[in-house]
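Student: I've just opened this one on my screen. Walk me through it, please.

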Amino acid sequence: MARRSLLFSPGDRPELMRKAPAAGADTVCFDLEDAVAPSERDTARAAVREVLSDPSFDPDCEVTVRVSVDAAADIDALLDGGESIRLDGVMVPKVAEAADVEWIADLLAEHDAEPALLALVETARGVLRAEEIADAPATDALVFGAEDLAADIGATRTDEGTEVLHAREQVVLAASAAGVDAIDTVHTDYEDDAGLREATEFALQLGYDGKLAIHPAQVPIINDAFTPSPEQEEWAKRVLDARDEAEADGRGVFSVDGEMIDAPLIAQAERVLERAAAGDDR
C-alpha cells in the first residue's frame, strides 16, 4: 500500500473527519495531539470513536489516529466501547526509542488490535535512534517532524531547511534500511502551492515515500509529485517483465534499455508501480 499523502484532520471536528477522505489522500489521520486542546481531549476521543464506529464510514483510504501524550487513555477510549471500529493505523508522536513503539503495540494488543504503527520522529533523541525505531518489529513507517525537531534543538526554521536536512536524510535512510515507509514533514504554509510542490519534489529526490498534509488543498499537489509519469511506469513494467523472463530462463543478469538491472533497480521499479497503482485507485 502506497502512502503518498497523509492528511491530518482535527479529532474534535467530526464534520471534517468525515469529509477528510474526499480530499484523495492515501491516508487520513484523526489528530488527538496537536490539533486538540488538552481540556477538549475527552470530547475529541468520543468524536473520533463515533466516526470510526459508524458503519457508513468506510473510505477507500487508510484511516489512522495520532494519539496524544496520554496514549493509554486515547486507546482505551477508542477501543473500550465494545463496538467494532475502523482503525487501520496509529501514529505515535515524539518517538525517542523503539520501546515507545513497542509500548503502544502492547497496549493495542490488550484490546486484540494490531493496526499499523507510524512512528513520528521529531526530537533529537528520536533522530539519533531512528535506525533502532525503524527496526522495531511493530514499526510500519517513520514520519519526520521538522517543526517539533527544530523547537527541540533550538534551531531556526528557514525556507531552505538546511537546519533539519541532516535529520531529514537520517530518517529516510533508517526507514529504507529497515524496509518501512518514510513520510516527510509538513509544509506549514497551506496557501503556498509552489513551495509545497518544490518541497515535495525534494522529498521524493531524498527517497521519501510520501508527505504529510495539513489542508485538503495540499493533497493533490503531493499525490501528483509522488505519482510516476507514464514514461516511468512503462520503464518499471519493462524492468519487471525482463526480471520475470530472466528468472524463467535461469538467468541472474539481464538488461533493459541498455542498462544492467540489479536488485536496487528492481526494488525501484516495484515502488514505481505501487505508486502508480495508488494513483489509479484514487
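This is a predicted model: local features need pLDDT of at least 70, side-chain atom pairs count only at pLDDT 80 or more; totals for chains, interfaces and linings use all residues.

**Loops, salt bridges and helix packing**

Tutor: Let's begin with Asp-112, which counts as exposed because its relative accessibility is 75%. Exposed means over 50% relative accessible area, buried means under 20%, and partly exposed is in between (1.4 Å probe, protein chains only).

Student: Okay. Where does Asp-112 lie?

Tutor: In the loop between α4 and β5 (116-121). The labels come from DSSP runs numbered from the N terminus: helices are H or I with at least four residues, strands are E with at least two. The phi of Asp-112 is near 55°, a positive value in a residue other than glycine.

Student: Why point that out?

Tutor: Because most residues other than glycine have a negative phi. Lys-94 also has a positive phi, near 50°. Lys-94 sits in the loop between β4 (89-92) and α4, and with 32% relative accessibility it counts as partly exposed.

Student: Which salt-bridge network includes Lys-94?

Tutor: One that links Asp-31, Glu-33, Asp-34, Arg-66, Lys-94, Glu-122 and Asp-148. A salt bridge here is a side-chain nitrogen of Lys or Arg within 4 Å of a carboxyl oxygen of Asp or Glu.

Student: How many salt bridges are there in the whole structure?

Tutor: The search finds 28. One of them joins the side chains of Arg-4 and Asp-26, at 2.7 Å from N to O. That pair links distant parts of the chain, 22 residues apart: Arg-4 is in the segment before β1 (5-10), and Asp-26 is in the loop between α1 (14-19) and β2 (27-31).

Student: Are Arg-4 and Asp-26 buried or exposed?

Tutor: Arg-4 and Asp-26 are both buried.

Student: What about a pair inside a helix?

Tutor: Arg-45 counts as buried at 9% relative accessibility, whereas Asp-42 is exposed at 57%. Another pair is Glu-233 with Lys-237, where the closest N and O atoms are 3.7 Å apart. Those two are four residues apart in helix α11 (residues 230-249), so about one helical turn separates them. Lys-237 is partly exposed, with 36% relative accessibility.

Student: Switching to packing: how do α2 and α3 cross?

Tutor: The axes of α2 and helix α3 (residues 71-79) come within 9 Å and cross at roughly 40°. Axes are lines fitted to C-alpha atoms, for helices over the stretch in contact, and angles run from 0 to 180 degrees between N-to-C directions. That makes α2 oblique to α3. Angles under 35 degrees count as roughly parallel, over 145 as roughly antiparallel, 65 to 115 as roughly perpendicular, and the rest as oblique.

Student: Which residues of α2 and α3 meet?

Tutor: Arg-41, Arg-45, Val-48 and Arg-49 in α2 meet Ala-73, Asp-74, Ala-77 and Leu-78 in α3, contact meaning heavy atoms within 4.5 Å. By class, that contact has four nonpolar, no polar and four charged residues. The classes are nonpolar for Ala, Val, Leu, Ile, Met, Phe, Trp, Tyr, Cys and Pro, charged for Asp, Glu, Lys and Arg, and polar for the others, Gly among them.

Student: And how do α3 and α4 pack?

Tutor: α3 and helix α4 (residues 98-109) pack at about 25°, with axes 10 Å apart, so they are roughly parallel to each other. Ala-71, Ala-72, Ile-75 and Leu-79 of α3 make the contact with Trp-103, Ile-104, Leu-107 and Leu-108 of α4. That contact has eight nonpolar, no polar and no charged residues.

Student: Last one: where is Pro-55?

Tutor: Pro-55 is in the loop between α2 and β3 (62-66), and with a relative accessible area of 74% it is exposed. The C-alpha atoms of Pro-55 and Arg-86 are separated by 8.6 Å, though the two are 31 residues apart along the chain.

Definitions and conventions. Residues are numbered from 1 along each chain as its sequence is written. Side-chain values use heavy atoms; hydrogens and water are left out.
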